Amino acid sequence: MKLQPLAFAVLALALTLDSARADGLSATEQKIVAEVKAHSAQGLTLLERSVNINSGTMNHEGVRAVGKLFGEQFAQLGFATRWAEMPPAMQRAGHLIAAREGKQGKRLLLIGHLDTVFEKDSPVQLWQRHGDRVRGQGVNDMKGGDVIIIEALRALHRVGALDNTSITVIFTGDEENAGEPIAISRADMVNAAKRSDIALAFEATVRDQDGRDTGTIGRRAASSWELKVSGKQGHSSGVFSDSAGYGAIYEAARILDGFRQQVIEPDLTFSPGLIVGGTDAGADALGTAGQASGKSNVIARTATVEGDLRYLSYAQRDRAHAKMKAIVAQNLPGTSASITFRDAYPPMSPTDGNLALLKVYSQASKDAGLGDIPALPPGQRGAGDVQFVAPLLDSLDGLGATGNGAHSPDEDLEIASIERATIRTAILLYRLTR
């Protein structure tokens, strides 16, 4: 559960900053901003170097190479760095961890990731600059966010503001396809969260309908479900009769339509992504492919549906599970069905503490002349690494670069967003660690 005293402490800090910083930045903060601007070109060069290394999740050599590049930057800033290897059976490259210990201000956990969805054989080009925008593999998801972390810390280092601070940075090597078991692949992150007060994650900044940069105070969980349905195989002319029943495919259709009509509520989605049915049918172990056989004159004996479920809180999950199970149990004559659920990413529920943290970030942005930062509606974001630690401490995500087309051949980045987000981040880190 959230540490409520911390939420109140962050809120108090936000309220203090409202009055103390209303007229702009302190002298030290002005120096920090000047350092960010003076080294923006350096940050863009670092981004280009990282994007020019393919680091698809399964390209372990590439993930480690990007980790080495970024690890060198942290070492220059006085961080102790290490590479956290994963067990070979997990088939993941591991994570970069950088840390420095101090006793001043809040203890911070900064989260990024090294991998992209573009594997080694991807035809998507690496780095392409077109005026004030850049296209490339993972340029905004999320190597741009990684660079923002590094350049914000670099600016603080140059003015001596990193001294005596406690900051841990974790760049995971498998965010796009988390290694299993999760208890192992996210153990270092969870342990770091237990030693921290606040988590900040740097997935891409999303703009609202008014064109304003937003902050993410909540993200929906990612989970899955599998529906298995059985019917009586027989001649199709007997379908609907008491003896033959309705068959597995009709029962699957009834259940799915029941979900659509009875389970929907705000911020909850449940999507059937794969369905197979017939005399013989089933999905593979991963639930990503299936096989089926049958005839038009034979009542379907079996059906399988693989689906996705997204929710914003465990209470919402439990309501959905209960409703879906009840619908599944109302079988048509001659059929039976069962549903199982599998959790993956936990929810990042919007909390008072997260809102208070966003208030501090927004004030930093306003004081720097970059406008206020409203909260993005939580239902508009998918799953991310921050969700593994959000139940433990106040958290904020979406502090990264601004771009379009993530995960697609058109993924791009607005170059100016690097400097903008770096300024906001540097001021936020400075204020949280005083």
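Predicted model: local features only at pLDDT ≥ 70, side-chain atom pairs only at ≥ 80, totals over all residues.
Four strands make up an open sheet, and their order is β9-β12-β8-β13, with antiparallel pairing. Which strands sit at the edges? Those are β9, residues 269-278, and β13, residues 336-345, and each of them pairs on one side only. If you compare neighbouring strands here, they are turned by 15° against each other on average, ignoring direction.

As a quick reminder, strands of a sheet pair through backbone hydrogen bonds, either parallel or antiparallel. In our sheet, β8, which covers residues 221-230, runs antiparallel to β13, and nine bridges join the two. To find your place along this pair, look for Val229, which stands opposite Ala337 in β13.

Two helices pack on this sheet. One is α8, residues 247-262, which touches β8, β9, β12 and β13, and its direction makes about 145° with that of β8. The other is α9, residues 314-329; this helix also touches β8, β9, β12 and β13, and its direction makes about 165° with that of β13.

Now let's move to the hairpin. Strand β4, residues 127-130, and strand β5, residues 133-136, run antiparallel and are joined by four bridges. Here Trp127 stands opposite Gly136 in β5. Two residues lie between the strands of this hairpin, and Gly131 takes a positive phi near 65°.

Finally, the helix pairs, which both involve α5. How do α4 and α5 pack? Helix α4, residues 60-76, makes an angle of about 15° with α5, and their axes are 10 Å apart. Angles under 35 degrees count as roughly parallel, so α4 is roughly parallel to α5. On the α4 side the contact includes Val66, Phe70 and Phe74, and on the α5 side it includes Val147, Ile150 and Leu153. The residues of this contact divide into seven nonpolar, three polar and three charged. The crossing of α4 past α5 is left-handed.

The other partner is α2, residues 27-38. Its axis comes within 9 Å of that of α5, residues 139-158, and the two cross at roughly 125°, so α2 and α5 are oblique to each other. This time the crossing is right-handed. Ile32, Glu35 and Val36 of α2 make the contact with Ala155, Leu156 and Arg158 of α5. By type, these residues divide into four nonpolar, no polar and two charged.

How values were computed:
Residues numbered from 1 in each chain as written. Heavy atoms only, no water. Pairing = 2+ DSSP bridges. Axes fitted to C-alpha atoms, helices over the stretch in contact; angles between N-to-C directions. Contact = heavy atoms within 4.5 Å. Parallel < 35°, antiparallel > 145°, perpendicular 65-115°, else oblique. Left-handed = near helix turned anticlockwise from the far one by under 90°. Nonpolar A, V, L, I, M, F, W, Y, C, P; charged D, E, K, R; others polar.
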